[in-house]
Structures are given as structure tokens and as C-alpha cells.
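Please look over the sequence and the three-dimensional structure shown here before reading the report that follows.

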Amino acid sequence: MRTTLTSSCEEAAAFIRRGELAAFPTETVYGLGADALDVTAVKRIFEVKGRPTDNPMIVHLANADDIQSVVREISRAAGLLVSAFVPGPLTLVLEKASIIPMEVTAGLTTVGVRVPAHPVAHEFLSACGRPVAAPSANRSGAPSPTTWESVREDLDGLVPCILKGDRSAVGLESTVVDCTGSTPMILREGAIGLDMLRTIVPGVQPSSTSGGRTERSPGLRHRHYAPEARVRLYDPDAPVPAESSAYIGVSRPLAEAGFEIVMICRDVDHYAHELFHFFRECDRKGVRRIYCQRPPASGIGAALLDRIVRAGEPASRKG
Ligand code: TXA
Ligand code: MG
């Protein structure tokens, strides 16, 4: 299959409208979209990504007002979060409306909904004129793509269309908040951190590995975000290994000369923006180990830490 690269939202949306796939930019990471109401198209996403079929997909919408058409009801807490953070890097999990097929939600009665803030995503989704199911546009298990070139690296010849945009501003996937229970609970950390959510809904529960988080968010069972190189949190007291290594963080490592590639970020937001891109660059250069400075555990730092730790998990859990 030849992959069409285009900067035209209308051209990319035409693929979705005729039941084909198209990758598109958002402010978090690039997504791989299909008409969420077309079961055949949705199934194709799982095939192309090599994605486990028990991992539900997020439904993307052009406008906050469209959310009501794909969910049973918007709880009070969910409504407050929508007013504060939508459009933006936030996914809300709500009871799904019957029009959303079980194939999208991997058999769950809930659906994750997101309205991206990215202007190109907005124009593309408006032109699609329907809800678009989309996971991140990488091969399953690989780091999410933050550039159209990374999408092409993973999916060239496998997807009919890639809508080219700029580099994703955030660089990590959206915060996922389950709003189906009596108090909202974070299922996946992202740019909208616990503190920000709590300024609007004080009862929001932090993510935890206990309390049914992996049961409620099946995607968390699977290994994610991992480059070929082994990923580790940087320990300044440990010796630099003999293998070719890379380092990323906001301050310089000790024995900097021992690293083949060193990336010093301006601050934690920049660190988040760079992480997945850096993982891919390290793989292209054949680096064997990537050391990541431990980020602060609050704000987007919590999301960064989550991605770094999960990228370092053993491959046996790969999904
Ligand atoms: O920023 C993002 O969220 C990007 C862009 C493209 O929007 N999308 C993305 O999709 O990261 P994906 O499929 O790679 O990750 C979706 C996450 C998974 O952890 C999945 O388990 C969870 O959201 N999720 C989706 N629907 C859910 C549901 N109904 N209940 C619980 N978790 C859900
Ligand atoms: Mg993903």
C-alpha cells in the first residue's frame, strides 16, 4: 500500500469518511484514526498496530459539545472537568452510548473521550464529521510518535494516509480520568496533573496500582513506550556501564563523557516534550541503554516518571 502524506485536513478526512485509516497530529502525540462507528475500519487499527484487542481506544471529537452524542450521561464532576480542560490533553472515561461499538471499547461499557486542542486536529475532526477512534499512531509497544516522520517510520505502507503537522507540543499522551465512579480517578497521568484536576474537582483520586486501576484501564496491563534500548532511571552513584549509553534530564550527569548522547532539557515540560523523540533517536543511533533523570513526582513530572518506569519494564509484559 502506498501511504499518502498530506497537509490537507480535508484530504485526510476523506480517507476516514470512506472507511479507511488516517494518522493525524494532536498536541499530545499523533493518533491513528478510523471512523468510530465503522466496525471494519476500527478492527483494521488493531491489525495495523499489532494492538492487543483487549485495549480500548479513545474516541476523538471536534468539539466539547459533541461528547454528549457518544456517552450515556455526563456526570457533574465530568462536566466541571470538561468546562475547565476541554479541549486539551485530557481523556474522560464515561458510560458509552449505544452507537459506540464494543470493538472500540474492547468490550467495555465505558468509552474514553477526548477533544484535542490542536488546531489541525480540530480542523481534521470537523472535516471527518463523525467520532474518530484513535490510539497513538505507533506500532504496539513502541514509543508514541510526536512527529509525522515517526509515524511514517512505524506505519509506512501500512496506513493509507498520514496528515502532516508540527511536532506534538506536549509529547506525552493525555491524562485519562475515569469519571464513572462516585469520585473521578486518574487512570493514566498526563500533562493535566492531579493538582490541576483537584483545583476543579477536589475529590479526584490519584492513580494507583492497587484499587483496580489495571482492571479499569486494560491498556495499563501492556508494556508501552519502549525503545529497543534498555531504559533506566539515572542513579548518579552507579558506575556508567561499558555499553553505549545515552542520558536525558534537566541537569547534567556525572561523568558526562561516558555517554554517547546527552540531552539536557530546559525544564520538566521540555523533558516531557523530548522523551519519546529521544528514545527513537537513540534507537536510530544503536544506543543500548538510556538513562533518564528522575523527574519531580508532581505535575507533568508524574506522567514522565510513569512513562520512564513503564518503558523500563521487562519485555515479557509487552502488549
Ligand atoms: O493523547 C492521547 O491520549 C493519544 C492521542 C492520539 O489522543 N491517544 C492515546 O491512545 O494515547 P492509546 O490508545 O495509545 O491509549 C489510550 C489509553 C489506554 O491506556 C487505554 O487503556 C485507555 O486509554 N482507555 C481507553 N478507553 C478506556 C476505557 N473505556 N476505560 C478505561 N481506559 C480506557
Ligand atoms: Mg498508545
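This is a predicted model: local features need pLDDT of at least 70, side-chain atom pairs count only at pLDDT 80 or more; totals for chains, interfaces and linings use all residues.

A255 sits in the loop between β12 and β13, and because its relative accessibility is 53%, A255 counts as exposed. Its phi angle is positive, at about 50°, although A255 is not a glycine. A positive phi, near 55°, is also found for A106, again a residue other than glycine, and A106 belongs to the loop between α4 (102-105) and β6 (110-114). With a relative accessible area of 25%, A106 is partly exposed.

## A cis peptide bond

The peptide bond that joins V86 and P87 is cis, with an omega of about 5°. The proline of this pair, P87, is located in the loop between α3 (76-85) and β5 (90-95).

## The parallel sheet

An open sheet is formed by 4 strands, which follow one another in the order β11-β14-β12-β13 and pair in parallel.

Strand β12 (residues 245-249) runs parallel to β13 and is joined to it by 4 bridges. Within this pairing, G249 has I264 of β13 as its bridge partner.

## Helices on the sheet

Helix α9 (residues 268-284) packs on the sheet and touches β11, β12, β13 and β14 (289-292), while its direction makes about 170° with that of β12. Helix α10 (residues 300-311), for its part, lies across β11 and β14 and runs at about 135° to β11.

How do these two helices meet, and at what angle do α9 and α10 pack? The angle between α9 and α10 is about 25°, and their axes are 9 Å apart. Since angles under 35 degrees count as roughly parallel, α9 is therefore roughly parallel to α10. The crossing of α9 and α10 is left-handed. On the α9 side the contact is made by V268, D269, Y271, A272, L275, F276 and F279, and on the α10 side by I300, G301, L304, R307, I308 and A311.

Terms used: Residues are numbered from 1 along each chain as its sequence is written. Chains are lettered from A and ligands numbered from 1 in the order in which they are written. Side-chain values use heavy atoms; hydrogens and water are left out. Two strands pair if DSSP finds at least two bridges between them. Contact means heavy atoms within 4.5 Å. Axes are lines fitted to C-alpha atoms, for helices over the stretch in contact, and angles run from 0 to 180 degrees between N-to-C directions. Angles under 35 degrees count as roughly parallel, over 145 as roughly antiparallel, 65 to 115 as roughly perpendicular and the rest as oblique. A crossing is left-handed if the near helix is turned anticlockwise from the far one by less than a right angle, and right-handed if clockwise. Buried means under 20% relative accessible area, exposed over 50%, partly exposed in between (1.4 Å probe, protein chains only).
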